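I opened this notebook to record what I looked up about helix packing and chain contacts. The structure is placed below for reference.

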Amino acid sequence: MPAMRMRDAVMQDGRGLFCACRPRNRAGKVAALRLERLVNTSVNGAPQWHLQPEANRTLVTLSGDWIAQEGRTPAFPTDALKDVPHGEPVEFSTDQLGKWDTSLISFLWELKRSAREAHVNVDTNTLPESAHKLLDLLPEIPPEPTPPPPHHFAPVAAVGQFTLDTLNEVGCVSEMGTAAAKGGLASLVGRGMMRTVDLMSDLNAAGPAALLIVGVVNFLVGAILAFVGSVELHKFAADIYVASLVAIAMVREMSAVMTAIIMAGRTGGAYAARISTMQANEEIDALQVFGIPVSSYLILPSVLALAFTMPLLYLYGCLIGMLGGFFVSYIMLDVSPLGYFHETIQALPLDQFTFGFIKSFVFGTFVGLTSCRIGLKAGRSAADVGIAATKAVVVGIVGVIALDAIFAVIANVIGI
Amino acid sequence: MNETNTQMPSTDDRPVMISVDDVTLAFGSKVIQHDVSFRVKRGSIFAVMGGSGCGKSTLLKSMIGLLRPTHGTYLVEKDNYWAGDDASRVRIGRRFGVLFQSGALWSSMTVGENVALPMQMFTKLEPDVIRQLVELKLGLVGMLHAIDQYPSELSGGMRKRAGLARAMSLDPDILFFDEPSAGLDPITSARLDELILNLRDGLGATIIIVSHELSSLFHIADDGIFLDAEQKTAIAHGSPTWLRDHCTDPMVHAFMHREQLDSSGSAGNG
């Protein structure tokens with residue numbers, strides 16, 4: 001028990017000492033005295049200030065070099081002017097003031113604000129002319145810090161909002177698609193607002209320029225399918241059926257989906273970035289002011305380019321994928337080239353191609369429309385461009401796979 | 001053309017802060033300006049004048065380190081800017097503050113963060129000290145209310161003022177302003193002029209301004225150079241008021257009096 005009391009006493013004592021060291025917890029005059037003692041001990045050349053009550057004024061002596069980047073700027077205690085009698089001005093003595101920059105202004109601004117709270121006049125005319133001028137430019141009332149936005153946890157509302165937003169987006173994309181289609185029809189009869197140059201450059205970017213990457217990916221996918229299939233089929237001595245496995249998988253699913261995913265990452269992201277940059281530069285606004293419809297001038301060529309090249313890339317992907325499969329079978333299995341060719345032809349009725357063809361047309365239109373929409377909806381800063389591009393890629397890939405699932409169900413129902 | 005009347009007699013004995021000697025600027029083989037020479041005195045406000053497209057901004061670019069001159073020397077006090085390596089250029093560049101034509105604020109950051117970033121990168125100041133200095137600098141340009149706003153939410157004039165606050169963020173002793181008052185209303189523009197004068201007087205900064213805003217130049221600049229697009233060099237040296245009142249060159253005269261040139265069509269009043 002005595003030990004406990006002892007420790008309590010020491011703690012209380014410690015706390016008392018600590019309080020005594022903090023001038024803000026004492027009356028203003030004590031604070032001023034204490035600070036005076038504190039600042040007088042500092043290094044030569046360091047910014048110093050000194051508050052001294054005189055007969056009918058309070059004198060603040062400033063000395064040393066006040067350079068912001070040296071980080072030695074003293075803070076002005078908010079209650080240091082509490083004991084200054086009302087009506088008596090605070091004046092400055094700057095004879096020992098060395099070099100100074102905004103650090104001094106910052107200090108004086110603090111002083112001026114606390115003087116305002118203590119209803120004390122500050123005579124800034126006693127400051128150097130330019131410091132006085134700079135100080136006059138500053139507002140007297142500090143800004144209210146903006147409160148952080150309230151953060152509620154409301155899962156039901158969030159889900160509801162998400163659903164509404166999604167439905168709204170679906171509506172917007174459909175509307176945009178309709179407008180673009182109308183623009184396309186107008187272009188057919190020669191009254192459109194689409195420039196052939198734009199269409200051609202978009203076609204080039206979405207078509208020939210993509211051949212290499214689409215080829216590489218589909219070749220590897222075909223090869224992987226052949227690898228996986230050969231392991232099982234070899235057990236049944238049915239090596240030759242690797243050809244039909246690769247052919248059907250590529251034509252029905254893999255080529256269309258892989259090509260669409262590549263194009264969503266490659267071209268969709270590029271569209272979103274391009275349109276959101278135009279948005280940031282007010283180029284979209286300029287188009288609207290001229291009455292040039294964004295839907296047919298910007299969106300139509302982009303969507304047309306993807307919708308037109310995607311089926312062609314799909315066919316190309318099928319061919320390359322089967323080549324990949326053949327490559328693996330030829331090297332690893334006992335399959336003759338003619339046998340592989342024959343088996344592939346046997347396994348593939350033409351309507352399989354029609355189905356894949358329609359799918360990739362839909363994928364192309366979907367990727368084109370959504371990425372343009374995301375670009376148009378983006379904000380106006382550099383970061384927003386990046387966000388829009390990322391979002392376009394994510395929405396494109398997820399959307400393509402979701403659409404493919406829907407197609408699979410449809411195919412199952414109608415029995416293709 | 002009489003040589004004596006294109007050169008203001010100098011009575012200024014302040015030390016030289018910046019000296020540019022026979023600088024030639026070119027993009028590839030296309031020469032923009034050749035053999036440009038001038039001195040900027042410490043604490044002066046130096047105007048780079050000239051018609052649109054004469055290479056004012058290109059000269060500024062080479063002075064802030066974005067474009068290497070093909071010929072000539074550029075000294076900042078005793079340091080030869082382009083002769084050193086990248087590290088020495090960065091060291092000299094720390095003395096520069098640049099206000100770009102359209103503000104060039106980093107758009108993914110708030111105005112306050114824009115001003116704070118150089119301080120966070122180059123000083124060891126505490127976050128609350130930085131916050132205080134940011135408030136001060138934005139307060140000086142009258143933008144304190146927009147501290148938490150993003151550049152995309154600001155008007156052109158506000159962006160420019162925020163850009164000025166950012167240029168001052170490290171208390172540079174040489175400030176470069178590219179068209180500071182273009183696109184500002186007269187009151188804001190006058191306030192900016194006053195601010196520039198106060199910065200010069202208060203902080204002792206040397207200021208180089210590229211501008212063709214005559215009223216503002218007459219008010220603040222105390223020295224300058226006039227670049228011509230056709231001769232591709234400096235055709236007159238002197239403060240804007242001196243050039244207006246004493247320069248005999250017809251091009252400079254037309255520019256300073258907002259007149260059209262009699263014979264050759266392009267008066268640079270754009």
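My entries on helices and chains follow.

I worked with a predicted model, where local features need pLDDT of at least 70, side-chain atom pairs count only at pLDDT 80 or more, and totals for chains, interfaces and linings use all residues. Residues are numbered from 1 along each chain as its sequence is written, and chains are lettered from A and ligands numbered from 1 in the order in which they are written.

Entry one. I looked up helix 6 (residues 196-206) and helix 10 (residues 294-332) of chain A, whose axes lie 8 Å apart at an angle of about 40 degrees. Helices here are DSSP runs (H or I, at least four residues), numbered from the N terminus. Axes are lines fitted to C-alpha atoms over the stretch in contact, and angles run from 0 to 180 degrees between N-to-C directions. Among the contact residues are Leu199(A) of helix 6 and Phe308(A) of helix 10; contact requires C-beta atoms, placed from the backbone, within 7 Å.

Entry two. I found that the axes of helix 8 (residues 241-280) of chain A and helix 10 of chain A come within 7 Å and cross at roughly 145 degrees.

How many residues of chain B are in contact with chain A? I noted 25 residues of chain B in contact with 24 residues of chain A. Helix 4 of chain B gives the largest share of the side of chain B that touches chain A, seven residues.

Technical notes. Helices (H or I, at least four residues) and strands (E, at least two) are DSSP runs, numbered from the N terminus. Two residues are in contact if their C-beta atoms, placed from the backbone, lie within 7 Å.
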